[in-house]
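Hi there,

Here is the structure I promised to pass on. Have a look first, and my notes follow below.

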Amino acid sequence: MELTEDQLKVAEIELQRQLPQSLKIYGFLVLRNRVKSDPYIVLVDRWPQFSVIICKPKYKQKTDLFKDTMVFANDEAILTETLRNSSVIDWSRYLCLGITLPHMEIVKAVAAERNVPNNQLSLCHMMILEDVSKLPAIDCSGICLSSLDESHLDLVNQTWKFGSNEGAARMIRNMVTNFPSCCVLDSEGKPVSWILTYVYCAVGMLYTLPEHRGKGYAKVLISSMAKNFSGQGYPVFCFIEEENRTSYQLFKGMGFSEDPSYRETWYGFNDF
């Protein structure tokens, strides 16, 4: 069943009780219940005591490749049954799906039943800042901080590893225009370092132009966003790809920690 606006607020409270495993969907609902964004449908297997919750985007164009379908489940049998329901998952179109690693094996098995090809897009650590007071002291003197706006979309899109295409541009537009962001401006008022917020409330897409690296901008941005999120009652977390040891050590040094047993993975199903 699809949740109403009032039921989404109740679901947020229920998912909060199942942290940290539910953090991605919980974070999505925290934002969804407070700020506008691209439309999503939120489905559960039953109400009010649900075992599976799926957040899937309303696709507007064929090239909407970066709109994640997000899944949380605490019952594997019900998850399998739900995924087999064609009214829940449309296996005929391209699907970018994010889910905890053990449950991805269930998704892949259901996709295999339909001969749907898949490929792993990323495997990530989930890192959480439990207490904002754990942030190290950061010297921000002389640094001009601001938010990104639509004039900066091309710059962010061109520097993102998955960017430089229509679908990525629309995703970044949604992030910049609707969710918190922070950037360092140079003397001409142009961004040289920035951090954004994904639709599921994780901070990310952290980037500094090569000629401005080594100045501590990334730490300033992480600290600023973390304090902003904490002040609004948002969870403070991020996903770091397993091979990105530099970012892992950066966030660890900023007071973030992880549950070593938890991994989040993203897979693409069907061809682009």
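How many salt bridges does the rule find across the interface of domain 1 and domain 2? The rule finds one, a salt bridge being a side-chain nitrogen of Lys or Arg within 4 Å of a carboxyl oxygen of Asp or Glu. R263 forms a salt bridge with E242, with 2.4 Å between the closest N and O atoms.

Before you go further: this is a predicted model, where local features need pLDDT of at least 70, side-chain atom pairs count only at pLDDT 80 or more, and totals for chains, interfaces and linings use all residues. Residues are numbered from 1 along each chain as its sequence is written, and side-chain values use heavy atoms, leaving out hydrogens and water.

Now the two parts. Domain 1 covers 5-124 + 262-269 and domain 2 covers 132-254, with bounds from an automatic or database domain assignment. Their C-alpha centres lie 25 Å apart. In contact (heavy atoms within 4.5 Å) are 26 residues of domain 1 and 23 residues of domain 2.

Together the domains bury about 2,200 Å², 67% of it on carbon and sulfur atoms; buried area is the accessible area (1.4 Å probe) that two parts lose on being put together, summed over both. On the domain 1 side, L31, F66 and C124 lose the most area to domain 2, together 30% of what that side buries.

Best wishes
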